[in-house]
Amino acid sequence: QVLAVGLIVLGEAIVSVTGDHTNVSVLTMDDIREQYREPQLLAYFGGVLIWVSILALVINRGSSGWRRFAWGLIGGSVTGVQNFIKDSLAVVHGLDGSHFPPQLFLMLLMAGLLPLTGLLLLMQCMKRFDALYSASMFVGSLVVSSSIMAAVHYHTFDNIDRIGLFFYPVGLLTIISGTVVLAVESYQREESDALGKFDAKQLDIYAYSAKCEYGAIEPPSRHVIHT
């Protein structure tokens, strides 16, 4: 787990340093309507919906290893859809106080609902698996999800230099590698623990049988009911 968590932290540091740090502080609802009608952003929303649906399907019908992997990813994948937060704040900063667009209520609702849903999913993951695995997978999937969102909606790669164009994808790949290593290691450890418990139970059965055979203990009596 140390290697996997180290890869995730390293990838996050690379993405943070080489990513796009430009901000649009003021937007109008007309700007929002125009941006949210762009085909690539609509395709992104559709892709997120399909991805989360696949994870939910795996959680309910997949094998134990794939369920663990899906639980680790789903919370961060949902929380990574952060465009509503940033865009809502930009619209609020541009208000003159005389008019509050009705569409802004929906954006504010989504800005609060998606992170809250992601945190609730993280809590459900932590109830089932250890905290280190749950938190690391959540943060890793969050960074990847939000990076994809930023590339599609805010055109991240248009605003970073050549060095960033190389290291930014490297950072994302490092995070993905860390999440995969962590998921595989965690699954193997779970299987090993389950096998160890099974072997211990088998040894107890063998020891009990041996004691019965050599008279160390009396075998349980069998009562025969005559009708």
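This is a predicted model: local features need pLDDT of at least 70, side-chain atom pairs count only at pLDDT 80 or more; totals for chains, interfaces and linings use all residues.
1. Residues are numbered from 1 along each chain as its sequence is written, and side-chain values use heavy atoms, with hydrogens and water left out.

2. Back to the pair: Asp 30 and Arg 33 sit about one helical turn apart, because they are three residues apart in helix 2 (residues 29–36). Helices here are DSSP runs (H or I, at least four residues), numbered from the N terminus.

3. How exposed are the two partners? Asp 30 counts as exposed, at 54% relative accessibility, while Arg 33 is partly exposed at 29%. The cut-offs are under 20% relative accessible area for buried, over 50% for exposed, and partly exposed in between (1.4 Å probe, protein chains only).

4. Now the second largest pocket. A pocket is an open set of points on a 1 Å grid over the protein atoms alone, where a 1.4 Å probe fits, with protein on both sides within 12 Å along at least five of seven lines; lining residues have an atom within 4 Å of a point. Its lining has 17 residues, and Trp 51, Ser 77, Val 144, Ser 145 and Ile 148 lie nearest the centre. Helix 3 (39–61), helix 4 (64–79), helix 7 (131–153) and helix 8 (162–213) each supply at least two lining residues.
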